[in-house]
Amino acid sequence: MAPNPPQPEEYPESLRAYLGVSLLSAVSLDPDRTIGHAKHTDPDFLTVLLQDHIGGLQVLHQGHWVDVTPLRGALVVNIGDLLQLISIDKLKSVEHKVLAKSTGPRISVACFFSTHFQESDKLYGPIKELLTDDSPALYKETFIKDFVNCFYSSGLGGISALSQLRLC
Ligand SMILES: O=C(O)CCC(=O)C(=O)O
Ligand SMILES: [Fe+2]
């Protein structure tokens, strides 16, 4: 029998404080009902994606949309906006979208790492150790709840929540 997965309160404190807990969400796309999932970056720290064999996920790479080949059992790890914010652009969130395929309905399982599922009054800004004269702060500090609210009020494809916090 598979062991029970650790519960969020069992995660190491350092991981919980930075990346938060995860939310699992199944995303299904039926080609008869939709053309896909609009382009966006994820408003979290990391997203781990399990896909099926249908495919459809594309990432923007050097100005071109590139298909992510669906590999059975492979996990796709996307960097989210909050990791870009705290790493002051050392790690960049990936723009992605999903196209519905005529070959059939598609199911993916996304695990979003963020802290907005728990009450927190922590302000997120640049990791202090990364700040130097050549690498100054690029974004205003933010509460995760404000960041996520901004993401949802901008809508997919709108002005990203991250760019609204950009200092220069
Ligand atoms: O279904 C996928 O492969 C990606 C879904 C996604 O980008 C999201 O839920 O943020
Ligand atoms: Fe996404």
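This is a predicted model: local features need pLDDT of at least 70, side-chain atom pairs count only at pLDDT 80 or more; totals for chains, interfaces and linings use all residues.
Colleague: Let's start with Gly-56. Where is Gly-56 found?

Modeller: Gly-56 is in the loop between E3 and strand E4 (57-61).

Colleague: And what makes Gly-56 buried?

Modeller: The cut-off for buried is 20 or more other C-beta atoms within 10 Å. Gly-56 has 21 within that distance, so Gly-56 is called buried.

Colleague: Which residues is Gly-56 in contact with, leaving aside its neighbours within four places in sequence?

Modeller: Leu-29, Gly-36, Val-98, Leu-99, Ala-100, Lys-101 and Arg-106. Contact here needs C-beta atoms within 7 Å. As for Gln-118, that residue is 62 residues from Gly-56 in sequence and 32 Å away in space, C-alpha to C-alpha.

Colleague: On to helix H3 (residues 144-154). Which residues of H3 are buried?

Modeller: Ile-144, Phe-147, Val-148 and Phe-151.

Colleague: Why say that the buried residues of H3 line one face of the helix?

Modeller: Look down the axis of H3: the buried residues fall within an arc of 95°, so they line one face. In general, an α-helix has 3.6 residues a turn, so residues three or four places apart point the same way.

Colleague: What covers the buried residues of H3?

Modeller: The cover includes helix H2 (81-86), E8, strand E9 (123-124), strand E10 (142-143) and helix H4 (161-164). Just after H3 comes Gly-155, with a positive phi of about 80°.

Colleague: Now the sheet. In what order do its four strands come?

Modeller: The order is E2-E7-E4-E5, in an open sheet with antiparallel pairing.

Colleague: What makes strand E2 (36-40) and strand E5 (64-67) edge strands?

Modeller: Each of the two pairs on one side only. On average, neighbouring strands of this sheet are turned by 30° against each other, direction ignored.

Colleague: How do you know that E2 and E7 pair?

Modeller: Pairing takes at least two bridges. E2 and E7 have three, in the antiparallel sense, so they meet the cut-off for a pair. As for partners, His-40 is bridged to His-96 in E7.

Colleague: Last, ligand 1. Which residues are around ligand 1?

Modeller: Val-27, His-37, Asp-42, Leu-49, Gln-51, Leu-57, His-96, Val-98, Ser-108 and Ala-110. By kind, the shell divides into five nonpolar, four polar and one charged.

Colleague: Which strands each supply at least two residues of that shell?

Modeller: Strand E3 (46-51), strand E7 (96-99) and strand E8 (106-114).

Definitions and conventions: Residues are numbered from 1 along each chain as its sequence is written. Chains are lettered from A and ligands numbered from 1 in the order in which they are written. A residue is near a molecule or strand if its C-beta atom, placed from the backbone, lies within 6 Å of it. Ala, Val, Leu, Ile, Met, Phe, Trp, Tyr, Cys and Pro count as nonpolar, Asp, Glu, Lys and Arg as charged, and the others, Gly among them, as polar. Axes are lines fitted to C-alpha atoms, for helices over the stretch in contact, and angles run from 0 to 180 degrees between N-to-C directions. A residue is buried if 20 or more other C-beta atoms lie within 10 Å of its own, exposed if 12 or fewer, and partly exposed in between; C-beta atoms are placed from the backbone. Two residues are in contact if their C-beta atoms, placed from the backbone, lie within 7 Å. The arc is that of the directions from the helix axis to the C-beta atoms.
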